[in-house]
Amino acid sequence: MERVRRRVKDKRVLALVKAFLKAGVMTAVNYFQDSLSGTPQGGIISPLLANVALSALDEHFDQRWQDQMGTKGRRQTRRRKGLANMRLVRYCDDFVVMVHGTLADAEGLRAEVAAVLAPVGLRLAEEKTRAVSIDEGFDFLGFTIRRMRKRGTEEHYVYTVPSRKSIQKARDKVAEMTYRSTINRDFKDLLVSLNKSLAGWANYFRHGVSSAAFSTVDHYAWNRIMRWLRRKYKSRSLQGHSALGMPELRRRFCLPGTWIFAVNGVRYTGAGAVEVKRYLYRGFHIPTPWTPQPEAVARAA
């Protein structure tokens, strides 16, 4: 609340924020429980206040960057002296500190970050906090970021790919939509829903090295659709009902001469229909969409 008051002077807004924090929560058995600390889980104000609180971390590392590592010459001098350079990257309550140095340098930052967070009532989640080499890689915002050898060369680059957990979530969503219990659903509606779901997932990951991940998810989805159709449209034989044969499935539910599912003008497109467009780092050339605050301008001057 102290950090909110620095920027917001309207007492009605401050009272509303405080009311959110003191509103309490309903437990699983409809029992009301007071909120003694923190923000309500899933509350609409939680991400906003996380940004307000963690701005203390932004300010700490930004000040250190400006004072000690703000120019290329300073960073080179620090490296010659065996000192580490670091930079904070944060999104809401998730962040990483990139360190050009040793594992000991990275481990040493843990206590520093904890000390910055303590005055605003926050602490690190120990089970989620670890120091790793970029060659080992780490997960951040659904991506796995790791330095690997480029195929066919001896050069190493940092690659950003969808994490295994993110791919599994997409597969789980496809499985949920093609469960045996959904076979009464219209096939056209199923294709439309799958296309929307996978396109939304792929649009988030389209700026990474994601082609292989998209193919993996599409291959899984194709097999799930195939099994769904074979269960839904069983063929008749002298022995009774049996699963729809592959030749008949291709004739009835695929575009002519292909294995692309289609019905009534709707075809399966999946994640692969989203163009992968690698993100190009632009550094500080990205335009700022808001006017700097007077305090920030004065401090920069």
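Modeller: Ala, Val, Leu, Ile, Met, Phe, Trp, Tyr, Cys and Pro count as nonpolar, Asp, Glu, Lys and Arg as charged, and the others, Gly among them, as polar. By these classes the lining of the second largest pocket divides into eight nonpolar, three polar and two charged residues. The model is predicted: local features need pLDDT of at least 70, side-chain atom pairs count only at pLDDT 80 or more, and totals for chains, interfaces and linings use all residues. Residues are numbered from 1 along each chain as its sequence is written, and side-chain values use heavy atoms, with hydrogens and water left out.

Biologist: What makes a residue part of the lining of a pocket?

Modeller: A lining residue has an atom within 4 Å of a point of the pocket, which is an open set on a 1 Å grid over the protein atoms alone, where a 1.4 Å probe fits, with protein on both sides within 12 Å along at least five of seven lines. The second largest pocket has a volume of about 300 Å³. Of its 13 lining residues, M148, V161, P162, I167 and V209 are the closest to its centre. At least two residues of the lining come from each of β6 (143-149), β7 (156-162), α6 (164-177) and α8 (211-232); helices (H or I, at least four residues) and strands (E, at least two) are DSSP runs numbered from the N terminus.

Biologist: Why is the pair of F187 and F261 called edge-to-face?

Modeller: Rings of Phe, Tyr and Trp (its six-membered ring) pair if their centres lie within 6.5 Å, and planes under 30 degrees apart count as stacked, over 60 as edge-to-face and the rest as tilted. F187 and F261 stand 6.4 Å apart, centre to centre, with 90 degrees between the planes, so the pair is edge-to-face. F187 lies in helix α7 (residues 187-205) and F261 in the loop between α9 (246-253) and β10 (262-263), 74 residues apart. Eleven aromatic pairs are counted by this rule, and one aromatic cluster is formed by F187, W222, W228, Y233, F253, W259 and F261.

Biologist: Why is I183 called partly exposed?

Modeller: Buried means under 20% relative accessible area, exposed over 50%, and partly exposed in between (1.4 Å probe, protein chains only). I183 has 23%, and is therefore partly exposed. I183 lies in the loop between α6 and α7, and its C-alpha is 6.6 Å from that of W228, 45 residues apart in sequence. F187 and F261, in contrast, are both buried.

How values were computed:
Points joined across faces, edges and corners; volume = space filled by probe spheres on them.
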